[in-house]
Amino acid sequence: MHRAPRKIISWNLLRRTGATVEAVAALIEQEKPDLLLMQEATAEILGLQERVGGYYAWAPLPRRIHGLAMWSPTPFLSAPRIIPIPSGAIVDRVCQVLDCGSFGIANVHLSHGQMLNRRQLRRIEQHLPVRAAVLGDYNLVGPALLPGFRDVGPRHPTHAMVDLVPLRLDRCLVRGLTCRNTAVLPRGASDHRPIVVHLEPATLPSGRPRIAHLRGRVDLRGMAAAIARRRRAGAPAAPAP
């Protein structure tokens with residue numbers, strides 16, 4: 001029986017010169033994730049199933065040798081959807097969205113433009129369920145500014161620009177989920193370090209507080225109507241309690 005993933009790893013492999021299929025297989029064997037998300041995955045990584053088994057889905061970027069990929073030890077409920085997102089001047093981008101049953105997961109490799117990558121996030125959000133996580137290489141500097149989502153990923157740098165400036169480019173934003181633990185792993189041959197998050201659906205608020213809130217609204221409306229009737233009748237309005 002399929003179960004929603006709990007331990008999720010995201011890693012930008014660095015196309016051609018980065019992590020090999022052997023390195024990815026070693027990561028899986030060591031960390032045993034419920035779901036592995038990859039960015040800049042090339043056709044070589046298709047050999048992952050021969051090494052470790054499991055199930056693999058690849059979404060190459062248009063006219064590029066690399067793209068997004070997902071690996072799971074158990075079958076996907078359905079094939080990950082490929083969502084086109086606003087493209088930059090050079091690279092056309094897509095996003096992978098996976099239905100995990102109790103929540104959805106988006107695998108992303110966003111553009112470098114700081115206005116464009118936030119636009120891409122807003123487009124992706126339109127294709128996600130109420131409970132959702134967005135993981136991957138954000139290429140963001142500063143907050144994501146995605147309403148309703150919390151940044152729960154590791155706070156440590158995951159990339160060093162020109163091997164000098166440490167940046168936290170690999171992130172995890174969630175809505176309706178709880179993150180129990182995070183980690184940043186050694187980067188290996190890639191220029192990015194993998195991030196690990198342990199996610200589970202958050203407990204929805206009970207109906208009782210919501211009903212009480214609605215009752216409060218009804219009482220306030222009733223009070224306003226009573227005051228209006230008294231004013232029309234020429235009587236002084238009673239002070240609000």
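Modeller: Axes are lines fitted to C-alpha atoms, and angles run from 0 to 180 degrees between N-to-C directions. In this predicted model, helix α3 (residues 116-125) lies across β5, β6, β7 (104-109), β8 (132-137) and β12 (170-175), and runs at about 155 degrees to β7.

Colleague: In what order do the strands of the open sheet come, and which are the edge strands?

Modeller: The open sheet has six strands in the order β5-β6-β7-β8-β12-β9, and their pairing is mixed. Its edge strands, each of which pairs on one side only, are β5 (81-84) and β9 (150-151).

Colleague: In what sense do β5 and β6 pair?

Modeller: Two strands count as paired if DSSP finds at least two bridges between them. Here β5 and β6 (residues 94-99) pair in the antiparallel sense over four bridges, and I83 stands opposite C95 in β6.

Colleague: What volume does the largest pocket have, and which residues are closest to its centre?

Modeller: The largest pocket has a volume of about 330 Å³. Of its 20 lining residues, E40, H109, H112, D137 and N139 are the closest to the centre, while the lining by class comprises six nonpolar, eight polar and six charged residues.

Colleague: And what lines the second largest pocket?

Modeller: The second largest pocket, with about 160 Å³ of space, is lined by 13 residues, of which W11, A23, L27, Q30 and P186 lie nearest its centre. Helix α1 (residues 21-31) supplies the largest share of that lining, five residues, and by class the lining has nine nonpolar, two polar and two charged residues.

Methods: Residues numbered from 1 in each chain as written. Predicted model: local features only at pLDDT ≥ 70, side-chain atom pairs only at ≥ 80, totals over all residues. Heavy atoms only, no water. 1 Å grid on protein atoms, 1.4 Å probe; cavity = no way out; pocket = protein on both sides within 12 Å on 5 of 7 lines; lining within 4 Å. Points joined across faces, edges and corners; volume = space filled by probe spheres on them. Nonpolar A, V, L, I, M, F, W, Y, C, P; charged D, E, K, R; others polar. Helix = DSSP H or I, 4+ residues; strand = E, 2+ residues; numbered from the N terminus. Contact = heavy atoms within 4.5 Å.
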